[in-house]
Amino acid sequence: MNIPSLFPFFHTKCDSSAPPPLPPLSAPGNSSTDTATKKLSTPEKTTDTTSAPPPPPPATTSTASASSAAPPPPAADDDIAKAAASVSSCPNPGPLEAATWDVRRLVTLDTYDGVRVDISKQLSPYFAVVHSFHLGTTMLPDGKNASYGFTTQMNDEEGFMMARVDPERGSVDGRIHKALLGGLAMAKLQVGVSSEGANDQLLGEIDVGAATWTANLKYGSMGGGNVFGCNYYQAISPRLSMGGEGMYIGANGNQMSSYTAKYLFPNVNNGDGDDKDGSAAAAAPGAPPGEAPSYLAATYNAGQGMLSLNYKRAVTPSRVNIGASLECSPMTLESQVLVGAEFNLTRSKMNVCVDGTGRIQSVLEAKLGREPGSPALNFAAELDHGKNVMKFGYGLNIGS
């Protein structure tokens with residue numbers, strides 16, 4: 001049946017094979033088309049507006065100013081700041097034995113005559129051996145003019161062990177240092193035995209230190225009798241430290257005591273003559289660790305009735321240092337003075353010492369290379385015109 005013939009006034013798109021023509025484009029000014037489009041699109045816009053959530057209100061000027069004027073939240077606790085506040089301004093003065101070590105190093109030189117050769121070998125990062133030869137010297141007992149020594153040393157993070165064997169004398173010397181309690185204490189053991197047995201010794205020590213003080217206890221056998229000793233060294237202020245030591249020697253029944261006071265001078269190498277924080281390390285950035293730039297130390301030995309004054313001055317940190325030592329007896333008025341100087345150059349070091357009697361000592365050390373472990377050549381001389389004594393020697397240090 002033909003559907004168009006039954007419904008002549010109804011036509012569909014399926015009735016004709018050709019697609020219907022597109023509607024003509026209307027001009028911008030065609031109000032009818034625009035109106036119809038707006039009418040069709042208006043309900044959709046209304047529906048979208050009602051379904052979407054409302055935007056947040058904009059921030060006003062008053063709200064911004066109020067937020068900026070509000071106080072900041074409380075800061076969290078800083079553990080580092082608390083630890084720094086709890087640390088005392090007085091540093092640890094170190095062991096009492098090292099209070100005047102800088103001056104003794106400058107005014108007491110290791111001079112010798114003949115030839116001295118030291119050959120060291122690093123067998124591992126923790127173990128080393130040293131062969132020492134001393135030839136053509138007049139400083140050995142029993143008229144000997146040559147000696148040989150073999151030394152071994154082992155180091156680690158908690159201490160070291162060292163032993164020295166002298167075949168000529170038949171003696172063995174040893175030292176053991178061991179850190180205890182995580183570094184809060186240091187145990188020391190010193191042993192010395194020989195074929196004669198008369199000078200055998202055994203001495204044990206323990207060093208205990210805190211933020212502002214250091215103490216030492218010692219016990220052992222020396223010279224055929226027991227030895228007891230103790231010392232204490234306290235920092236009174238960032239510049240002043242005081243301490244004392246007592247010892248009893250059972251071999252001869254002597255009781256010895258000494259008292260030490262040390263004062264650090266302000267650093268005068270920075271131009272203003274003041275040390276900002278009072279510490280020796282900060283006062284002289286170029287100085288070696290543990291060495292104060294300038295200080296004066298006084299030690300009184302009650303057993304011997306001797307007073308010792310030691311002065312050290314770093315003219316140029318890590319370059320030029322001078323030291324002076326005066327030992328006198330207030331009762332007999334006997335005295336001895338020593339003056340020493342040290343000059344550190346790029347590959348050499350020169351030490352000179354003069355005492356009150358006119359004796360002159362000097363030691364020159366020169367590096368033969370820039371690489372670590374390069375050989376070093378030493379020259380030593382001692383002149384004493386009052387006693388008509390002259391000593392000259394040279395040495396060679398070879399190490400890897």
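How many salt bridges does a search of the whole structure find? The search finds 8, where a salt bridge is a side-chain nitrogen of Lys or Arg within 4 Å of a carboxyl oxygen of Asp or Glu.

## About the model

This is a predicted model, in which local features need pLDDT of at least 70, side-chain atom pairs count only at pLDDT 80 or more, and totals for chains, interfaces and linings use all residues. Residues are numbered from 1 along each chain as its sequence is written, and side-chain values use heavy atoms, with hydrogens and water left out.

## The nonpolar core

Let's start on the inside. In soluble globular proteins, nonpolar side chains tend to be buried together. A nonpolar core here is a set of buried Ala, Val, Leu, Ile, Met, Phe, Trp, Tyr and Cys residues joined through side-chain atoms within 4.5 Å. Buried means under 20% relative accessible area, exposed means over 50%, and partly exposed is in between (1.4 Å probe, protein chains only).

The largest nonpolar core has 11 residues, among them Val103, Val107, Tyr112, Cys353, Val363 and Ala380. Helix H5 (101-107) and strand S12 (294-301) each supply at least two residues of this core; helices (H or I, at least four residues) and strands (E, at least two) are DSSP runs, numbered from the N terminus. Cys353 is buried, at 2% relative accessibility, while Cys230 is partly exposed at 39%. The structure holds 0 disulfides (pairs of cysteine sulfur atoms within 2.5 Å).

Tyr112 is another core member to look up. Leaving aside residues up to four places away in sequence, Tyr112 touches His134, Met139, Asn378, Ala380, Phe392, Gly393, Tyr394 and Gly395, a contact being heavy atoms within 4.5 Å.

Two strands pair if DSSP finds at least two bridges between them.

S18 and S19 form a hairpin with 4 residues between them, and Asn388 in the turn has a positive phi of about 55°.

## Charged pairs

Side chains of opposite charge can pair when their charged atoms come close. Lys188 forms a salt bridge with Asp207, with the closest N and O atoms 2.8 Å apart. This pair links distant parts of the chain, with Lys188 in strand S6 (residues 185-194) and Asp207 in strand S7 (residues 201-209), 19 residues apart. Lys188 is partly exposed at 25%, whereas Asp207 is buried at 13%.

Arg359 and Glu382 also meet in a salt bridge (3.7 Å, N to O). Arg359 sits in the loop between strand S16 (348-355) and S17, and Glu382 in strand S18, 23 residues apart. Finally, Glu97, Lys218 and Glu245 are linked in a network of salt bridges.

## Aromatic pairs

The whole structure has 6 aromatic pairs. Rings of Phe, Tyr and Trp (its six-membered ring) pair if their centres lie within 6.5 Å; planes under 30 degrees apart count as stacked, over 60 as edge-to-face and the rest as tilted. Tyr219 and Phe228 form a tilted pair, 5.1 Å centre to centre with 45° between the planes. The rings of Phe265 and Tyr311 have centres 6.2 Å apart and planes at 70°, so this pair is edge-to-face. Ring pairs also link Tyr219, Phe228 and Tyr248 into a cluster.
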